[in-house]
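Student: Can you walk me through this protein? I'd like to go piece by piece.

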Amino acid sequence: MSEKKRIAAIKGTKDILPKEARKWQRVEATAKRIFELYGYREIRAPIFEATELFEKGTGETSDIVIKEMYTFKDKAGRSLTLRPEYTPSIVRSIIEHRLYLQPDPLRFYFIGPMFRYDKPQKGRYRQFHQMDIEVFGEEAPAVDAEIVEMADYLLKTLKVTETEILVNSVGCQGCRPLYLKELREAAEKKRALLCPDCQRKITANPLRIFDCKVETCREAARGFPKITDFLCAECEANFDSFKAHLDSFQISYIVEPRLVRGIDYYTRITFEIISAKLGAQDAILGGGRYDDMMKVFGGPDICGTGFAVGMERLVSLAPFTREAEDFLYLAFLGDEAQEKGMALARFLRQNDLECLIEYKERSLRNQISRANKLGARWVLIVGEEEIKSGKYQLKNMATGNQVEVGKEDIIKVIRESA
Ligand code: AMP
């Protein structure tokens, strides 16, 4: 006897079922409209890339590269990785297509899945989705402030409340080495309190200790020196100007010197927007500046900044009011009525009305009760009488009113009652 084994979704992934997908569509449509209002255009890159792209871009000391990548060999033996984040792909694409030679602004947005082999928990998945925006070639901290303002506007439009904006500067190649030296010394003194992972980070990249979620490491990190006390004059002026722009937008923020973000490439400004409603995984979005990445990939010396929003977390926070679905359920009785009904449904759809026919044989009563269950606002009844007369019964499910209408008037009656 063959055993029937049920195949389940892979751990850390989830299905977005139709009702939930509606919410996603709303959130995505709002975000796209806002990004376009700020001059961003969509870019789409492949889901997998050469592994080297992320090793080089995301950084060899990041948790993502060390522990979390979905890396595999294809049939030709190439090492490929399902993208864990988007920025390296965009930078690759810009260089490959020499987009910087175009007159268009280098402002892009993107929406799609990301893959990280992390421990699944509430708000953390192995396949999750991000909306990403990136700006290239704009050095002024005004643009960093503008993208924070855009993120803030997106959240306000989606009615996401009780959020906090955290900002920091992680310095530049000039001032960071001295800070790293001090940080390493401070971490060395607390070595015994740190987890084995963080002990390794002391030498590899002590900044990454701030990413650790182990409570003893977090406690130790609270006493570590702050990068904001080590910024060079230029980085400090840059950070001050960023904050002044936020002030003039009347956007409140908190300076969080431990906000170094989990990725190696950040330079100067970093930020995150968090919500206490999310629990332990509290970041809705995060981003910052990465002025050196394009150069590292052998491209021109063009700076970049941007952020990534976690879709699962954003959708969970955005209240969703279900609009009355303006759709019509077409009920029919008999073969001839089915033919006529199919033609009518085609006509209604071509006139922009959502229209559903189900072909399973049912009594009229059952069809109306189905329409009711599905939340249809209208039922159009097509029976023998209706075919003969060319007039159909159109029932408004909200009021119970029923009117007799000819084909041409169906749309009119529906639109007028809206
Ligand atoms: P990051 O690319 O790590 O800066 O993440 C940007 C945003 O993506 C975060 O603020 C989260 O909202 C979201 N995010 C990151 N990792 C995950 C994950 N494993 N599952 C769900 N959302 C995530």
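Tutor: We'll take the domains, then helices, sheets, loops and cysteines. Keep in mind that this is a predicted model.

Student: Okay. Which domains is the protein divided into?

Tutor: Domain 1 covers 18-175 + 231-317, and domain 2 covers 325-417.

Student: What separation do the centres of domain 1 and domain 2 have?

Tutor: Their centres are 48 Å apart, taken over C-alpha atoms.

Student: Helices next. How many residues does H1 have?

Tutor: Helix H1 has 20 residues, 18-37. From first C-alpha to last, H1 reaches 28 Å. That is close to the 28 Å expected at 1.5 Å a residue.

Student: Which residues of H1 are buried?

Tutor: Lys-23, Trp-24, Val-27, Thr-30, Ala-31, Ile-34 and Phe-35. Seen down the axis of H1, the buried residues fall within an arc of 135°, so they line one face of the helix.

Student: And what is exposed on the other side of H1?

Tutor: Pro-18 and Leu-37 are exposed there.

Student: What about H5? What span should its 17 residues have?

Tutor: Helix H5 runs over residues 141-157. At 1.5 Å a residue, H5 should span 24 Å, and its end C-alpha atoms are 24 Å apart, so the two agree.

Student: How many residues of H5 are buried?

Tutor: 12 of its 17 residues are buried, so H5 counts as mostly covered. Among them are Pro-141, Val-143, Ile-147, Met-150 and Leu-155.

Student: What happens just after H5?

Tutor: Lys-159 takes a positive phi of about 60° there. Lys-159 lies in the loop between H5 and E7.

Student: Is Lys-159 buried or exposed?

Tutor: Exposed. The relative accessible area of Lys-159 is 58%, and the cut-off for exposed is over 50%.

Student: Which other residue has a positive phi although it is not a glycine?

Tutor: Asp-352, with a phi of about 75°. Asp-352 is in the loop between helix H12 (335-350) and strand E13 (354-356). At 68% relative accessibility, Asp-352 counts as exposed.

Student: Switching to sheets. In what order do the 8 strands of the open sheet come?

Tutor: The order is E1-E5-E6-E11-E10-E9-E7-E8, and the pairing is mixed. E1 (41-42) and E8 stand at the edges. Each has a single partner strand, so one side of each is left without a neighbour in the sheet.

Student: How many bridges do E5 and E6 pair over?

Tutor: E5 (residues 107-115) and E6 (residues 127-136) pair over 9 bridges, in the antiparallel sense. Met-114 stands opposite Phe-128 in E6.

Student: Now E7. How many of its residues are buried?

Tutor: Strand E7, residues 163-169, has 5 of its 7 residues buried.

Student: In which sense do E7 and E9 pair, parallel or antiparallel?

Tutor: Antiparallel, over 7 bridges. Strand E9 is residues 269-275. The bridge partner of Ile-165 is Ile-273 in E9.

Student: And do E7 and E8 run parallel or antiparallel?

Tutor: Parallel. 2 bridges join E7 to E8, residues 254-255. Val-167 stands opposite Val-255 in E8.

Student: What order does the open sheet of 3 strands have?

Tutor: E2-E4-E3, with antiparallel pairing. Strands E2 (48-50) and E3 (70-73) are the edges, and each pairs on one side only. Neighbouring strands are turned by 35° against each other on average, direction ignored.

Student: How many bridges join E2 to E4?

Tutor: 3 bridges join E2 to E4 (residues 79-82). Glu-49 stands opposite Thr-81 in E4.

Student: Last topic, cysteines. How many disulfides does a search of the whole structure find?

Tutor: 0 disulfides.

Student: How far is the closest cysteine sulfur from that of Cys-217?

Tutor: 3.7 Å, in Cys-195, and that is too far for a bond. Cys-217 is buried, with a relative accessible area of 0%.

Technical notes: Residues numbered from 1 in each chain as written. Predicted model: local features only at pLDDT ≥ 70, side-chain atom pairs only at ≥ 80, totals over all residues. Heavy atoms only, no water. Disulfide = S-S within 2.5 Å. Buried < 20%, exposed > 50% of the residue type's maximum accessible area, 1.4 Å probe, protein only. Domains from an automatic or database assignment. Pairing = 2+ DSSP bridges. Helix = DSSP H or I, 4+ residues; strand = E, 2+ residues; numbered from the N terminus. Axes fitted to C-alpha atoms, helices over the stretch in contact; angles between N-to-C directions. Expected span 1.5 Å × (residues − 1). Arc of directions from axis to C-beta.
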